[in-house]
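Please read the following points with the chain in view, taking each residue in turn.

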Amino acid sequence: MLSDHPALRLRVLLGSRSPMSAHAVRMLAESCAQSLRHLHLSGCHFLNTKALLYIMRFSALETLDLSFCVGLGGDDVRLLAQFRPA
């Protein structure tokens with residue numbers, strides 16, 4: 001479990017080419033939805049539409065890198081186009 005102390009909240013995750021799953025993204029969203037600013041998951045082959053729906057819970061996201069995520073397709077890109085973090 002990540003700390004609730006403001007100074008210890010996760011703001012950047014460099015997870016490119018990691019075996020990140022939809023379940024892992026959900027756990028991350030539950031812990032860091034308001035603090036995570038930069039999420040880099042390029043080349044994560046296990047990401048899919050379900051993971052993308054969890055990614056869209058990150059309300060403070062400024063940068064998102066999903067390049068080379070082969071599990072994401074055209075419908076996912078259209079879904080992501082609707083994503084407007086606060």
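1. Arginine 17 sits in the loop that runs between strand S1 (12-14) and H1, where helices (H or I, at least four residues) and strands (E, at least two) are DSSP runs numbered from the N terminus. Its phi is near 60°, a positive value in a residue other than glycine, and with 74% relative accessibility arginine 17 counts as exposed, given that buried means under 20% relative accessible area, exposed over 50%, and partly exposed in between (1.4 Å probe, protein chains only).

2. This is a predicted model, in which local features need pLDDT of at least 70 and side-chain atom pairs count only at pLDDT 80 or more, while totals for chains, interfaces and linings use all residues. Residues are numbered from 1 along each chain as its sequence is written, and side-chain values use heavy atoms, with hydrogens and water left out.

3. Phenylalanine 68 belongs to the loop between strand S3 (63-65) and helix H3 (74-81). Although phenylalanine 68 is not a glycine, it has a positive phi of about 65°, and it is exposed, at a relative accessible area of 69%.

4. Serine 35, in the loop between helix H1 (22-32) and strand S2 (38-40), is buried, with a relative accessible area of 10%. Leaving aside residues up to four places away in sequence, serine 35 touches Arg9, Leu10 and Arg11, contact meaning heavy atoms within 4.5 Å.

5. Taking a disulfide as a pair of cysteine sulfur atoms within 2.5 Å, the count comes to 0 disulfides. For cysteine 32, the nearest cysteine sulfur, that of cysteine 44, is 16 Å away; for cysteine 69, the nearest, again that of cysteine 44, is 5.4 Å away.
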